[in-house]
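Here is a short briefing for a first look. Keep the sequence and the 3D view side by side as you read.

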Amino acid sequence: MRYSKYFIPTLKEVPAEAEIASHKLMLRAGMIRKLASGLYTYLPLGLRSIRKVEAIVRQEMNRAGAIELLMPMVQPAELWKESGRWDHYGKELLRFKDRHGRDFCLGPTHEEVITDLVRKHIRSYRDLPLNLYQIQTKFRDEIRPRFGLMRAREFIMKDAYSFSASAESLDEIYQAMYKAYCRIFERCGLDFRPVEADTGSIGGHASHEFMVLAETGEDDIACCTACSYAANTELAEVKPKSQMEPFSPGTSTLKKVETPGKKSVEDVTDFLNKKAKELVKTLIFLADERPVAALVRGDHELNEVKLKRVLGAENLEMAGPDAVERITGAPVGFAGPKGLTSDVRVVADHAVAYMKDFVAGANEEDAHFVGLNWKRDLEPPETHDIRVITPRDPCPRCGSAIEIKRGIEVGHIFKLGTKYSEAMGATFLDSTGKEKPIIMGCYGIGVGRTVAAAIEQNHDERGIIFPSPIAPFEVIISVINVKDKDMLSMAEALYDSLSQAGLEVLLDDRNERPGVKFKDSELIGIPVRVTVGKKAVKEGLVELTNRQTMETRLVAQKDLLEEAKAFISK
């Protein structure tokens, strides 16, 4: 491919709209262009990388026994109403009516469509298991699209759905998908971690996310420094202490003290000369419209995902100021567990059970209790793991140290169970002739997001450093002076020989200064640059530059293919 005939509209300046590295660099490198908020055109370079990820995904899915199909992006509301998600999915589901007034949506995912397909054709346990996948465009009407392809409204996704007759069969497919995902991201050249995760709006009872490690990641991941345990902090377990007796009383006298205008943990503890771990934060929520008081230690952070799971709530939201005052009798900042009415469900984190002589709001404006103790001053609440894990907590599996890393979610696999098959009547007859719901799993990969995550993980001040397997081209040949016929002729001969050997080569034959060509090649991130200059014509030597290390050395033309392949494989 000749650069002069290709479409690579690079930019010198960083676009004002771009916030993170991948967004900036994909715009500057001429890989994408914004059409509207969260909507992007994939330009030729970007599309080449996306197609490479798709090819790897397709090969590994086929290898794992999945079968490819393609479903419509437009979906009828009836299916979503059957599953119960039409009213619960949220505003991310873009709903519209056709010319006949019938309700439809743009598919953010395809559980309903695939379940409808399978229920019409699967009759017997002999037809199972089945694993179907597609690579297709999705649409989610994000409230605030940002970060380019990282959180776009329209995006390319690989989604697979498995159908089994037994839990054991689902486990086998789940493990096959887990291994396939590991191979996919390894082949893409990414540093990633599979982590235990919350199932979110998709539903189900078990899931793993596949996280590309990057400082700009939106998710925190708890990783054990000794064993293989890793989990999104939304789900990472915090084990309760076992060496102490919970709810054992302290010795301090209970007092109510004035704390005028002191609402935050920091303000209250500074005012009372206490430590944050000596205070109980009481956070008021509405769980399916019912009041809940969640208690965590002052130096800990509440995990709303865990709390929602504990409560078994469809909807969980922080109570507003009016609701807080109605429930506690005091403004925000003065809530506490003592004195709450019996209609308020009190849920405490495990760590709260081991607190003695603690501080908490008095449910009165400008007042807190000091010296509170369980059993003596108030009834012990139900306790659960409802806080965010910290580096001070031990690994819940082996007890070793935990470290918190940042990650970008690029894949997610779920054990759905029978959530959709029961709701939509997708059943089969078992070996005894009994009708049973099909057991499902689903498995997604963000294709464009994987390319963006690769850039977040692999870039420097010059531009992108693409892993070779997903780079738009493997080699770029830069001609120092295209007006020198011998130099251009030699570059074209090298281009032909490398291309015929199976390498993907871009020939930079533009009439530009060498500095411009070098900067563009570094911005685009092509793994290997071959520079054809005067030494090539006079001595048969070309410069070979490794984009990752920026190592450059002279190579004889006859050795170029072997040396270039060695650079690419690094």
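Asp-357 is buried, with a relative accessible area of 19%. Buried here means under 20% relative accessible area, exposed means over 50%, and partly exposed lies in between (1.4 Å probe, protein chains only). This is a predicted model, in which local features need pLDDT of at least 70, side-chain atom pairs count only at pLDDT 80 or more, and totals for chains, interfaces and linings use all residues. Residues are numbered from 1 along each chain as its sequence is written, and side-chain values use heavy atoms, with hydrogens and water left out.

- Asp-357 sits in the loop between strand 17 (345-349) and strand 18 (358-361). Helices (H or I, at least four residues) and strands (E, at least two) are DSSP runs, numbered from the N terminus.
- Asp-357 is not a glycine, yet its phi is positive, at about 50°.
- Most residues other than glycine have a negative phi, and most peptide bonds are trans.
- Lys-375 is another residue other than glycine with a positive phi, near 70°. The loop between strand 19 (367-372) and strand 20 (382-384) holds Lys-375. Lys-375 is exposed, with a relative accessible area of 53%.
- A cis peptide bond runs from Leu-128 to Pro-129, with omega near 5°. Pro-129 lies in the loop between helix 4 (111-119) and strand 7.

**The whole protein**

- The protein has 14 helices and 31 strands.
- Its C-alpha atoms fill a box of roughly 95 × 65 × 50 Å along the principal axes.
- Of the 570 residues in the protein, 53% are buried.
- Take the contacts (heavy atoms within 4.5 Å) between residues at least 6 apart in sequence: 69% of them join residues at least 24 apart.
- The accessible surface comes to about 25,900 Å², and carbon and sulfur atoms account for 48% of that. Accessible areas come from the Shrake-Rupley method with a 1.4 Å probe; for residues, only the protein chains shown count as cover.
- There are 81 positive and 85 negative side chains, and the centres of the two sets lie 3 Å apart. Lys and Arg count as positive, Asp and Glu as negative; His and the chain ends are not counted. Each charge is placed at NZ of Lys, CZ of Arg, CG of Asp or CD of Glu.

**Helix 1**

- Helix 1 (residues 21-28) is mostly covered, with seven of its eight residues buried.
- Those buried residues are Ala-21, Ser-22, His-23, Leu-25, Met-26, Leu-27 and Arg-28.
- They pack against several elements, including strand 1 (32-36), strand 2 (39-42) and helix 10 (447-457).
- Just after helix 1, Gly-30 has a positive phi of about 70°.

**Helix 8**

- In helix 8 (residues 321-328), the residues Ala-323, Val-324, Ile-327 and Thr-328 are buried.
- Seen down the axis, the buried residues of helix 8 fall within an arc of 110°, so they line one face of the helix. The arc is that of the directions from the helix axis to the C-beta atoms.
- Pro-321, Asp-322 and Arg-326 are exposed on the other side of helix 8.
- Cover for the buried residues of helix 8 includes strand 14 (280-287) and strand 15 (290-297).

**Two buried loop residues with polar contacts**

- Arg-153 is in the loop between strand 7 (130-139) and strand 8 (154-164). Arg-153 counts as buried, at 19% relative accessibility.
- The side chains of Arg-153 and Asp-141 make a polar contact of 3.0 Å. A polar contact is a pair of N or O atoms within 3.5 Å; within protein, one must be able to donate a hydrogen and the other to accept it, and residues adjacent in sequence count only if both atoms are side-chain atoms.
- Leaving aside neighbours within four places in sequence, Arg-153 is in contact with residues including Ser-37, Leu-39 and Phe-139.
- Asp-509 is in the loop between strand 28 (505-508) and helix 12 (514-524). Asp-509 is buried, with a relative accessible area of 12%.
- The side chain of Asp-509 makes a polar contact of 2.8 Å with the side chain of Ser-4.
- Beyond its neighbours within four places in sequence, Asp-509 is in contact with residues including Arg-2, Val-482 and Lys-517.
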